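Have the sequence and the 3D view handy as you read.

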Amino acid sequence: MPLYAFGSNGSGQLGIGHVEDVSVPTRCLFDDDHEGHDHDGDEVLRIAAGGNHTLVLFQSGAVYAAGCDEDGRCGGHDALVEGDGEGEGEGEGEGEGKSLLKLRRVVVEGSSDGEKTKIGRFKHVSATWEGTVLVSSLGEEAEGEQGEEKVFVMGSGAKGELGLGSQVTRTEKAVRISDFPPRGTRVVSIASSVGHVVVVLSTGDVYGWGAARKGQLGESVKDQKIVWDPVKVEGIPFRATDVACGKEFTVVTGDKERGEFVILGPAGPDRWRILSDAPRPADLAGFFLVAASWNGIYVHGSDGSVRAWGRNDKGQLPPPGLPRSSKIAVGSEHALALLGDQKVVAFGWGEHGNCGPETDAQGNVNGRWSEIPLSVKDGARIVGLGAGCATSWIIVS
């Protein structure tokens, strides 16, 4: 399944073989794809992007990573190549600029019945600015039995993003978060942003860790400022089913037919009107998807419409007259939409090329949308989109 990327690439996070930003979709490279088939028949389920790294989850459970790996956030591989060291958010000191320029398979070490085992298939994946979260299920292939789910983290996080306990801010190898999820539960949804992670369990309960001072993990832990271990998020008035994370807030959703959602945070002045412009749940009844940028919330309706509110100084919100779309993807400060005629359009902050080659003098696509140039082979179709921190992806069948 061919994957194309464009946008910010200073650490090789696009997985296209170099560290230069690109504004035209460029085919991603897989380091094990010697025959050039790009994992035919294996559907891309999710693309998760940190500040300078990317994770791609396939239907088979395989996860591939590209970008900065100086702290193990891409799997801690030994075979690293030198990037230019100028990627936004790069660390300092030994290992600066070390990046994976092609998407490489992520395999972590776990244990089962006291025996060490390699885990290479996952159910969920998410990324903070400098960290990675992987959800695996051990033993589920054995005679159809459901194994015990395990949550692994790797990389860095100064605000508790790793969930490994007080003052643990870095792990260069994948480490399991102990006793999570609670026994007898499964992870049904996971989301993260720059500094916090939120998980929805099969019970409808919500847990989170990381930055908390803005109320993004609920009012009960706001005064702690940092939550170092997974904690139950209180105050959700319904059975949760999904979650999306902004930079300093969290959106938890429930029954889509009823339009159930609640916004946790952001505390303080409502600068981008995240709270004050939020519609009533009844106005969102029957929505398909809720997504979040750093400072905005986007609701994809079942009819293909997109309703959004929040920051719009660079055109981050849908422009007037945006046609109905079959897919949307929301990044840090931009968004993509797949229109019915198989056109991909972008709008918002596009300084690094993540909104395509046609931007204004400030690098934005503001008050309009820009069609992304992409040529596909006869019979191929665009089936999915991804968006991250000034990065964009197009998935082709």
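A residue is called buried when its relative accessible area is under 20%, exposed when it is over 50%, and partly exposed in between. Keep in mind that this is a predicted model.

**The positive patch**
- Lys 159 teams up with Arg 213, Lys 225 and Lys 247 in a surface patch of positive charge.
- You'll find Lys 159 in the loop that runs between β12 (148-156) and β13 (170-176).

- Side chains of opposite charge can pair when their charged atoms come close.
- Searching the whole structure turns up 18 salt bridges.
- One of them links Arg 73 to Asp 71, with 2.8 Å between the closest N and O atoms. Both Arg 73 and Asp 71 are buried.
- Glu 109 and Lys 118 also form a salt bridge, at 3.9 Å from N to O. Here Glu 109 is partly exposed at 42%, while Lys 118 counts as exposed at 60%.

**A bridge across the sequence**
- Lys 232 pairs with Asp 205 in a salt bridge, 3.6 Å from N to O.
- Lys 232 belongs to strand β17 (residues 226-232) and Asp 205 to the loop between β15 (196-201) and β16 (206-211), so this pair ties together parts 27 residues apart in sequence.
- Lys 232 is partly exposed at 33%, and Asp 205 is partly exposed at 26%.

Note on methods. Residues are numbered from 1 along each chain as its sequence is written. This is a predicted model: local features need pLDDT of at least 70, side-chain atom pairs count only at pLDDT 80 or more; totals for chains, interfaces and linings use all residues. Side-chain values use heavy atoms; hydrogens and water are left out. Patches are made of residues with over 30% relative accessible area and no salt bridge: like charges are joined within 9 Å, nonpolar side chains (Val, Leu, Ile, Met, Phe, Trp, Tyr) within 5 Å. Accessible areas come from the Shrake-Rupley method with a 1.4 Å probe; for residues, only the protein chains shown count as cover. A salt bridge is a side-chain nitrogen of Lys or Arg within 4 Å of a carboxyl oxygen of Asp or Glu. Lys and Arg count as positive and Asp and Glu as negative; His and the chain ends are not counted. The place of a charge is taken as NZ of Lys, CZ of Arg, CG of Asp or CD of Glu. Helices (H or I, at least four residues) and strands (E, at least two) are DSSP runs, numbered from the N terminus. Buried means under 20% relative accessible area, exposed over 50%, partly exposed in between (1.4 Å probe, protein chains only).
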